[in-house]
Amino acid sequence: MKKIGFIDYFLYEGHAIAYPDLIKKYGEGRYEVAYAYAYTESPKDGPSNQDWADKNGVTLCDTIEEVVEKSDVLMVLSPDNPEMHEELCQLPLKSGKLVYVDKTFAPDKKTAERIFALADACGTKCYSSSALRFATELQEIDKSRISKIYSEGQPPFDIYLIHQIEPIVILMQTPAKRVMAIG
């Protein structure tokens, strides 16, 4: 079984809460979240990083180096704090291990380019996506009849826009040339 290591800004956030159960359910016994590191405690009221680790049966590590060393696959989360991704990605991307970087990938294009450049320089496979890219409901739609799409999403726009763009790209089966946001 492959050991997944989470590297996050703090672990009491929606994706770190949901992913362990989703990985158990859909990982077909091939993966488990085994290790985690958090840069800081959550600014929200709620469980501590250690409470999260205990609840999920995950070893909370003191350093990113420890998570990288012990894990087979790395997931850099921090979904609502993409400004942390570049810092949190440094050691994972230098490891050569498969690295998933959660949405929103980067706060700007220059940061995204630096993250991918580091992955390329180190020969590390790096991936990011909205989970909606893999929604089975999208696979069942007759895409040949689609000529335009209207989509609404939740704020904040800069963090959640990816959840509108991914389904549009999948449904229209072409890279986006133009996106218009109203409102």
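Start with the sheet: select the 6 strands, which form an open sheet in the order 3-2-1-4-5-6 with parallel pairing. The model on screen is a predicted one. Now colour strand 3 (59-60) and strand 6 (126-127), which stand at the edges. Each has a single partner strand, so one side of each is left without a neighbour in the sheet.

Next, select strand 1 (residues 2-8) and strand 2 (residues 31-38). These two run parallel and are joined by 7 bridges. For a point of reference along the pair, show Phe6, which stands opposite Ala36 in strand 2. Strands of a sheet pair through backbone hydrogen bonds, either parallel or antiparallel.

Two packed helices are described by the angle between their axes and the distance between the axes. Here the angle is about 10°, and the axes of helix 4 and helix 5 are 9 Å apart. Angles under 35 degrees count as roughly parallel, and helix 4 and helix 5 are therefore roughly parallel to each other.

To see where the two helices meet, show side chains. On the helix 4 side, select His85, Glu86, Cys89, Gln90, Leu93 and Lys94. Their counterparts in helix 5 are Thr111, Arg114, Ile115, Leu118, Ala119 and Cys122. By class, this contact between helix 4 and helix 5 has 6 nonpolar, 3 polar and 3 charged residues.

Two backbone details come next. In the loop between strand 5 and helix 5, find Thr104. A cis peptide bond joins Lys103 and Thr104, with omega at about -25°. Then move to the loop between helix 1 and strand 2, where Glu28 lies. Glu28 is not a glycine, yet its phi is positive, at about 50°.

The last stops are empty spaces. Rolling a probe the size of a water molecule over the atoms shows where empty space is left. The largest pocket holds about 990 Å³ of space. To find its centre, select Leu22, Ile23, Tyr26, Ala131 and Phe134, the closest to that centre of the 22 residues in the lining. Which elements each supply at least two residues of the lining? They are helix 1 (14-26), strand 4 (73-76) and strand 5 (98-101). The largest share, 4 residues, comes from helix 1. Coloured by class, the lining of the largest pocket shows 17 nonpolar, 4 polar and 1 charged residues.

Finish with the cavity. The structure holds 1 cavity of 30 Å³ or more, and the volume of the largest cavity is about 30 Å³. Select Asp8, Tyr9, Phe10, Glu13, Ser78, Pro79, Asp80 and Asn81 to show its lining. How do these residues divide by class? The lining of the largest cavity has 3 nonpolar, 2 polar and 3 charged residues.

How values were computed: Residues numbered from 1 in each chain as written. Predicted model: local features only at pLDDT ≥ 70, side-chain atom pairs only at ≥ 80, totals over all residues. Heavy atoms only, no water. 1 Å grid on protein atoms, 1.4 Å probe; cavity = no way out; pocket = protein on both sides within 12 Å on 5 of 7 lines; lining within 4 Å. Points joined across faces, edges and corners; volume = space filled by probe spheres on them. Nonpolar A, V, L, I, M, F, W, Y, C, P; charged D, E, K, R; others polar. Pairing = 2+ DSSP bridges. Axes fitted to C-alpha atoms, helices over the stretch in contact; angles between N-to-C directions. Parallel < 35°, antiparallel > 145°, perpendicular 65-115°, else oblique. Contact = heavy atoms within 4.5 Å.
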